[in-house]
Amino acid sequence: MKFPPRLKKGDTILLVSPSSPLSASQPVEEIAAAVEDLGFSVRIGDSCRASSTPSGYAAAAPELRAADLNRGFADPGIAAIWCTRGGSTAWQLLPLLDYACIAAHPKPFIGFSDVTTLHLAIQQRCGFVTFHGPTANGFFGQKAESFSWQSLWAALEMGKCLPIENPPGEEIKALRPGCACGRLTGGNLSLVTTSLGTPWQIDAGNCILYLEDVGEDVYALEEMLWQLKYNGVLDSAAGLVFGDFSNCRNAYREDYGPRALLEDFFAGWPKPILYNVRSAHCRPMVTLPMGTMCTIDAGQRTMTVHC
């Protein structure tokens, strides 16, 4: 898996909205100004300014959003592409992307949540590392010394290896013992599950599979885990890493949350599992370079990625 050219201060970043529209309280001009304050030039994609589709939950027509991505990768003046937010509907873009062009012009592609769909497609069809990191709308009031920015920057400019470190006060925890190494893949659990049975289905074979989610009922999380297990995705992975499960509650029993579910579901699991890697719907957020080789050690509760 190729590592894209490293981003440098002063480079031009293209902002795109491949999923849901920005809210009125987050105008794209202010997001662009925040990114410029981090030391970059900014271009704003058409998808960031388009009128929302009739559904209200897509930033623009899929053809326009896909064209933003295709032009961004093809344009030699663009050094990186940063998604403004997640939401929904990135899956509409998959048949419209020019994968040959994207593969020929690898560059940092950043985002999380609904952007999982695009990470999986680019990694599988184009063969380069992408960055499961904060969306650009999270940088209002952020400074260059903030944890989220420092973690993203460390991933973008990583050398041969990079220890994945949680924000201060948040421990990486172990659910099952052991060590494993494999290519890092995954992202949002709902989107990973949605990929099943499509031409862009996740391939977790001999990989370290990362999963997180937000706002799902605990019973829905269990249903998705069973779907991944019955499909063979979980069993094919070399090891598992779980992130934060923000606002995932159990209306039937408040004390049985995501952690209890994972402990029960994976009781006796023969492969290592880490939990609480804070690359998810949380602030501050760790950036994960997806597609890199990754080593997890549950005994030491460590996760390290390698170019």
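Close-up 1. The 13 residues of helix α7 (residues 218-230) should span 18 Å at 1.5 Å a residue, and the C-alpha atoms at its ends are 18 Å apart, which agrees; the expected span is taken as 1.5 Å times one less than the number of residues. This is a predicted model, in which local features need pLDDT of at least 70 and side-chain atom pairs count only at pLDDT 80 or more, while totals for chains, interfaces and linings use all residues. Residues are numbered from 1 along each chain as its sequence is written, and side-chain values use heavy atoms, with hydrogens and water left out. Helices (H or I, at least four residues) and strands (E, at least two) are DSSP runs, numbered from the N terminus. Val 218, Ala 220, Leu 221, Met 224, Leu 225 and Leu 228 are the buried residues of α7. They cover an arc of only 160° around the axis, which puts them on the same side of α7, the arc being that of the directions from the helix axis to the C-beta atoms. Glu 223 and Tyr 230 are exposed on the other side of α7; here buried means under 20% relative accessible area, exposed over 50%, and partly exposed in between (1.4 Å probe, protein chains only). The cover over the buried residues of α7 includes α6 (189-194), β9 (208-214), α8 (233-236), β10 (239-246) and α9 (258-265), where contact means heavy atoms within 4.5 Å. Just after α7, Gly 232 adopts a positive phi of about 95°.

**Close-up 2. The open sheet of eight strands.** The strands of this open sheet follow the order β6-β14-β13-β8-β9-β10-β11-β7, and their pairing is mixed; two strands pair if DSSP finds at least two bridges between them. Because β6 (161-163) and β7 (173-176) stand at the edges, each with a single partner strand, one side of each is left without a neighbour in the sheet. Within the sheet, strand β8 (residues 179-188) runs parallel to β9 and is joined to β9 by five bridges, and Gly 187 stands opposite Leu 211 in β9.

**Close-up 3. Helix α2 and what it packs against.** Helix α2 (residues 62-74) has 13 residues and reaches 18 Å from its first C-alpha to its last, close to the 18 Å expected at 1.5 Å a residue. Its buried residues are Arg 65, Ala 66, Asp 68, Leu 69, Asn 70, Gly 72 and Phe 73, and they pack against β1 (12-16), β3 (80-83), α3 (99-104), β4 (109-111) and α4 (116-126).

Close-up 4. Thr 12, found in strand β1, counts as buried at 17% relative accessibility. Leaving aside neighbours within four places in sequence, Thr 12 is in contact with Ser 41, Arg 43, Gly 77, Ile 78, Ala 79 and Ala 80. Tyr 57 lies in the loop between β2 (41-44) and α2 and is partly exposed, with a relative accessible area of 48%. Tyr 57 and Asp 46 are 11 residues apart in sequence and 16 Å apart in space, C-alpha to C-alpha.

Close-up 5. With a disulfide taken as a pair of cysteine sulfur atoms within 2.5 Å, the count comes to zero disulfides. For Cys 101, the nearest cysteine sulfur, that of Cys 126, is 9.2 Å away. Cys 101 is buried, with a relative accessible area of 17%.
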